Amino acid sequence: THEESFTMEDDEAVNALCPSWAISVGYLGVASAACLSNWGSAWGTWKAGVSLLHTGIRHPSSVMKNVIPVVMAGVIGIYGLIVAVILAQSISKPSNDRENSYSIYTGMAHLCAGLACGISGLAAGGCIGIVGDHGVRAVGYRASQISLFPSSTEKAGYSNIPDQDLGGEGEISGSEDQNKLFVGMLIMLIFSEALALYGLIVALIVSQHAYVCGE
């Protein structure tokens, strides 16, 4: 009787640690990684792509140079795809005897990994889209010699800077200013992309945490 009570307690502990709905938690992590990352990727592509097309109307030659925000936003979706595939392959199906080997501990770990990658990708995609939107427009304004704060009296300033170098001493180059704006935008995009990379690294580490029922 004493041994039977221990056996019943062990069975209850196993059932509590390995419920049948644990797989749902794991697949929720898979969906979170894929959907949230793709959401961020689409958001960034939309924001940066619209401004890129508007700028390309007047400056078609700058389209390929300013397409970098769109590319970096698209990479975020790949991060979510990688994590989703790894998590999906780690989810084990029940045996023919209806015994579940997938524990709630593993399910929570996979949910954490999916949310870490997905939410990081969503935030990074929004950041890339907003920075790319304003950055590409700024480069376009600079190339068009447009003054964002027009006045009745034209002054020698950014609105009168030429697009090409004139080679004179003390003259300000329009193309040089465009390059400075582009480099500043690129640095901000790199650090924005790093946010999604941090989430990917954490997700890969957490996804390795597992407890198999019955071992």
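Me: Which helix is S192 found in?
Reply: S192 sits in helix α5, residues 174–206. Keep in mind that this is a predicted model.
Me: Is S192 buried or exposed?
Reply: Buried, because its relative accessibility is 4%.
Me: And what is S192 in contact with, leaving aside its neighbours within four places in sequence?
Reply: A124, C127 and I128.
Me: OK, switching to charges. How many salt bridges does a search of the whole structure find?
Reply: It finds 2. D133 pairs with K47 at 3.5 Å, N to O, and D133 also pairs with R137 at 2.7 Å, N to O.
Me: Where do D133 and R137 lie relative to each other?
Reply: Both are in helix α4, and they are about one helical turn apart because 4 residues separate them.
Me: New topic: how do the axes of α2 and α3 cross?
Reply: At roughly 170 degrees, coming within 8 Å, so the two helices are roughly antiparallel.
Me: What kinds of residues make up the contact of α2 with α3?
Reply: 13 nonpolar, 10 polar and no charged.
Me: Last one, what about the span of α3?
Reply: Its 23 residues should span 33 Å at 1.5 Å a residue, and the end C-alpha atoms are 34 Å apart, so that agrees.

How values were computed: Residues are numbered from 1 along each chain as its sequence is written. This is a predicted model: local features need pLDDT of at least 70, side-chain atom pairs count only at pLDDT 80 or more; totals for chains, interfaces and linings use all residues. Side-chain values use heavy atoms; hydrogens and water are left out. Axes are lines fitted to C-alpha atoms, for helices over the stretch in contact, and angles run from 0 to 180 degrees between N-to-C directions. Angles under 35 degrees count as roughly parallel, over 145 as roughly antiparallel, 65 to 115 as roughly perpendicular and the rest as oblique. Ala, Val, Leu, Ile, Met, Phe, Trp, Tyr, Cys and Pro count as nonpolar, Asp, Glu, Lys and Arg as charged, and the others, Gly among them, as polar. Buried means under 20% relative accessible area, exposed over 50%, partly exposed in between (1.4 Å probe, protein chains only). Contact means heavy atoms within 4.5 Å. The expected span of a helix is 1.5 Å times one less than its number of residues. A salt bridge is a side-chain nitrogen of Lys or Arg within 4 Å of a carboxyl oxygen of Asp or Glu.
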